[in-house]
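Reader: Please show me the model, and I will ask about its parts one by one.

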Amino acid sequence: MEELAVKPGDVVVTSFGVYQHWSLVSDRLCSAGKPMLISATQRNGTVREEPWDVVTQGETTYVADVTSSKPLQQILADARSQIGKWSYSITSKNCEHFVKWASDLQVTSKQVVAGVGGAIAGGALVGLLSENPKPIKFLGGALFVCGLAVAATRAAKKY
């Protein structure tokens with residue numbers, strides 16, 4: 001991990017190819033002295049508080065420009081209240097939804113909205129531009145534009 005200056009309550013995003021994983025920086029450190037992160041993951045199917053390296057898996061991670069007026073201790077208490085209880089869903093209860101929920105922000109996921117819109121647009125483009133559209137072409141166009149749209153929704157860095 002490149003040394004990243006983080007403090008409890010910061011929102012960090014980790015790039016995993018096309019998508020980003022959102023996590024909250026905990027006020028606890030792991031045995032290696034790195035911050036623990038609280039996040040909802042498909043890997044666990046729920047919320048967990050895990051060591052930095054387990055969550056980021058060595059991938060590029062940065063502090064996102066996300067600000068909450070909610071007190072830090074309440075953010076962390078609310079986040080921890082969902083450990084083992086949050087039922088992960090990529091479309092309605094993913095990592096971005098979780099961080100925004102715990103931070104008392106509007107619970108949405110730009111990645112999901114962009115992905116759905118991109119998939120629809122990609123399928124429509126195939127239908128409009130292809131002389132002989134087949135299901136595989138629709139699927140390919142939908143996935144391609146969906147991936148581009150999700151990649152375009154990167155969280156802004158905090159400077």
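Reader: Over how many bridges do β1 and β2 pair?
Author: This is a predicted model. In it, strand β1 covers residues 11-16 and strand β2 covers residues 19-29. The two run in the antiparallel sense, and the number of bridges between them is 6.

Reader: Which residue of β2 stands opposite Val13?
Author: The bridge partner of Val12 in β2 is Ser23. For Val13, the residue standing opposite in β2 is Trp22.

Reader: Which residue in the turn between β1 and β2 has a positive phi?
Author: β1 and β2 form a hairpin, with 2 residues between the strands. A positive phi of about 70° occurs in that turn, at Gly17.

Reader: What is the phi of Gly33, in the turn between β2 and β3?
Author: β2 also pairs with β3, in the antiparallel sense and over 3 bridges. The hairpin leaves 5 residues between β2 and β3, and Gly33 in the turn has a positive phi of about 85°.

Reader: In what order do the strands of the open sheet lie, and which are the edge strands?
Author: The sheet has 5 strands with antiparallel pairing, in the order β4-β3-β2-β1-β5. An edge strand here pairs on one side only, which holds for β4 (46-51) and β5 (61-63). From one strand to the next the twist averages 35°. The order asked for is β4-β3-β2-β1-β5, and the edge strands are β4 and β5.

Reader: At what angle to β2 does helix α3 run?
Author: Helix α2, residues 72-80, lies across β2, β3 and β4 and runs at about 110° to β2. Helix α3, residues 95-102, lies across β1, β2, β3 and β4. Its angle to β2 is about 45°.

Reader: How many residues apart in sequence are the parts tied together by Asp27 and Arg80?
Author: The side chains of Asp27 and Arg80 meet in a salt bridge, at 2.6 Å from N to O. Asp27 belongs to strand β2 and Arg80 to helix α2, so the pair ties together parts whose separation in sequence is 53 residues.

Reader: Which residues are linked with Asp27 in a network of salt bridges?
Author: The structure holds 8 salt bridges. Asp27 counts as partly exposed because its relative accessibility is 36%. The residues linked with Asp27 in the network are Arg28, Glu49 and Arg80.

Reader: Where does Lys34, the partner of Asp53, lie?
Author: Asp53 and Lys34 meet through their side chains in a salt bridge of 2.9 Å, N to O. The pair links distant parts of the chain, 19 residues apart, with Asp53 in helix α1 (residues 52-56) and Lys34 in the loop between β2 and β3.

Reader: Is Lys70 buried or exposed?
Author: Lys70 forms a salt bridge with Asp78, and their closest N and O atoms are 2.5 Å apart. The cut-off for a buried residue is under 20% relative accessible area. Lys70 has 15%, so Lys70 is buried.

Reader: What is the area of the nonpolar surface patch made by Leu125, Leu128 and Leu129?
Author: Leu125 is found in helix α4, residues 110-129. Leu125 counts as partly exposed because its relative accessibility is 42%. Together with Leu128 and Leu129, Leu125 makes a nonpolar surface patch of about 360 Å².

Definitions and conventions: Residues numbered from 1 in each chain as written. Predicted model: local features only at pLDDT ≥ 70, side-chain atom pairs only at ≥ 80, totals over all residues. Heavy atoms only, no water. Pairing = 2+ DSSP bridges. Helix = DSSP H or I, 4+ residues; strand = E, 2+ residues; numbered from the N terminus. Axes fitted to C-alpha atoms, helices over the stretch in contact; angles between N-to-C directions. Contact = heavy atoms within 4.5 Å. Patch = residues over 30% accessible without salt bridge, like charges linked within 9 Å, V, L, I, M, F, W, Y side chains within 5 Å. Areas by Shrake-Rupley, 256 points an atom, 1.4 Å probe, with all protein chains shown as cover. Salt bridge = Lys/Arg side-chain N within 4 Å of Asp/Glu carboxyl O. Buried < 20%, exposed > 50% of the residue type's maximum accessible area, 1.4 Å probe, protein only.
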